[in-house]
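Thanks for coming, everyone. Let me put the structure up on the screen, and then I'll walk you through a few spots in it.

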Amino acid sequence: MSEALNDLQRHAAALDSADAFAKHRDLFALDDADTVYLDGNSLGALPRHVPDRIADVVTRQWGELRIRSWDESGWWTAPERIGDRIAPLVGAAAGQVVVGDSTSVNVFKAVVGAARLSPESRDEILVDASTFPTDGYIAESAARMTGRRVVPVAPGDLRAALGPRTAVALVNHVDYRTGRRHDLPGLTAAAHEAGALAVWDLCHSAGALPVGLDAHDVDFAVGCTYKYLNGGPGSPAYLYVAERHQAAFDSPLPGWNSHSDPFGMTPGYAPADGAARGRVGTPDILSMLALEAALDVWDGVGVEDVREKSLALTDFFLECVDTYVPAGRVTSVTPAAHEERGSQVSLRCEDGADAGAVMRELIARGVVGDFRRPDVLRFGFTPLYVGFCDAERAARVLGEVLAGS
Ligand SMILES: Cc1ncc(COP(=O)(O)O)c(C=O)c1O
């Protein structure tokens, strides 16, 4: 065991020293050397420069310029401007992504918007049955509003379930519980062949792997910014409406911010062109500008390189788990195949072990992941700031906890 331990530690150190993102870690406030942070798939770490930028927004833009900042500090145009910063990270050309509201609210806009683009004879909305719950709840309401019914389908059965009655398929790109990546190009093409539209939830993929929204003809997409995009707790989400759908997109939340002449204050609604049609009301400027600052860490970063490191990290972590964790104590529910894996590893506790208690003990020993009831430990690998020595240590401590030492 100690021989293997030394081998893995040496290997981890060699991988870290060859890591093109090694310096990127310094951009983040991760100074507690005795903590390994593997929960960036829930809340990304704080980029170091964000507090100063927010202090400027609060003290100068708000405190001194006050109302003038809507123009002079670019507050009014922030939703589209920041959308255009996120766009290349999800493979979208400019003008199709708008930032604002929560992911839940954007799921509502996207699903109702997509349903309203479909003929009424298409009366089914297919929803990934393993979806993050909010998507299912909201799709249900969207279906009621648009005279459809929700059909929950396991992602593996989606292709077969698509048909002449399908209006919309709402799918998660990466499953939040298992870390399984679904086939975005293939399922989008299959939806189109069936005459349906595809809405993708990118919460667990944007910032961790290439998405290719334009390249794969995705219709609508939504995602949060507080995970791999490090925007901060509750930072605003985004909505992608493919350019070809924008002119017909009929938002179910046509607030004054999405009016073509918002300051005309007319009683009648006339939708704005482009991504701005996805706006609703006054944007949450403090969160939005924290997100804008946080996105600076992506300058010069290629998502393909991020993906390469993510796969290397999760491969290495799985190898370390195999070595350190006593046989039979955990089973990976994250696919081994690279094309089916996101950027997290989920381990199911066996033998009736209490996953919550295991995670609490891991956190007490400086390894921060999270768990999902009833029995899944989740470890998120954020390539911009997680290293191979982190992965080795996390698996080693997990082995110690499960061995009761
Ligand atoms: C896949 C997925 N979809 C939707 C949500 C909900 O996002 P929000 O709370 O921003 O509405 C989450 C939150 O973690 C998520 O992981």
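Let's start at arginine 66, which you'll find in the loop between helix 2 (50–62) and helix 3 (69–72). Keep in mind that this is a predicted model. What is the phi of arginine 66? Phi there is near 45 degrees, and that is a positive value in a residue other than glycine.

Arginine 373 and proline 374 are joined by a cis peptide bond, with omega at about 5 degrees. Proline 374 belongs to the loop that runs between strand 12 (370–372) and strand 13 (376–380).

Now let's step back to the whole chain. How many helices and strands are there? The chain has 13 helices and 13 strands. Its radius of gyration is 22 Å, close to the 22 Å that the globule rule gives for 405 residues, so the chain is as compact as a globular protein of that length. If you trace the C-alpha atoms along the principal axes, the chain spans about 75 × 55 × 35 Å.

Where does the ligand sit? The space it takes is the largest pocket. Two elements give two or more residues each to the shell around the ligand: helix 5 (103–116) and helix 6 (133–145).

Who is in that shell? Among the residues surrounding the ligand are Ser102, Thr103, Phe132, Thr134, Asn172, Asp201, Cys203, His204 and Lys227. By type, the shell divides into 3 nonpolar, 6 polar and 3 charged residues.

Serine 104 has a polar side-chain atom 2.5 Å from an oxygen atom of the ligand. For aspartate 135, a polar side-chain atom lies 3.4 Å from a ligand nitrogen atom. In tyrosine 226, an N or O atom of the side chain is 2.9 Å from an oxygen atom of the ligand.

And how much of the ligand is covered? Taken alone, the ligand exposes 400 Å², and the protein buries 85% of that.

Note on methods
Residues are numbered from 1 along each chain as its sequence is written. This is a predicted model: local features need pLDDT of at least 70, side-chain atom pairs count only at pLDDT 80 or more; totals for chains, interfaces and linings use all residues. Side-chain values use heavy atoms; hydrogens and water are left out. A residue is near a molecule or strand if one of its heavy atoms lies within 4 Å of it. A polar contact is a pair of N or O atoms within 3.5 Å; within protein, one must be able to donate a hydrogen and the other to accept it, and residues adjacent in sequence count only if both atoms are side-chain atoms. Accessible areas come from the Shrake-Rupley method with a 1.4 Å probe; for residues, only the protein chains shown count as cover. On a 1 Å grid over the protein atoms alone, a cavity is a set of points where a 1.4 Å probe fits but cannot get out, and a pocket is an open set with protein on both sides within 12 Å along at least five of seven lines; lining residues have an atom within 4 Å of a point. A molecule sits in a cavity or pocket if more than half of its atoms lie within 2 Å of its grid points. Helices (H or I, at least four residues) and strands (E, at least two) are DSSP runs, numbered from the N terminus. Ala, Val, Leu, Ile, Met, Phe, Trp, Tyr, Cys and Pro count as nonpolar, Asp, Glu, Lys and Arg as charged, and the others, Gly among them, as polar. The radius of gyration is taken over C-alpha atoms; the globule rule is 2.2 Å times the number of residues to the power 0.38.
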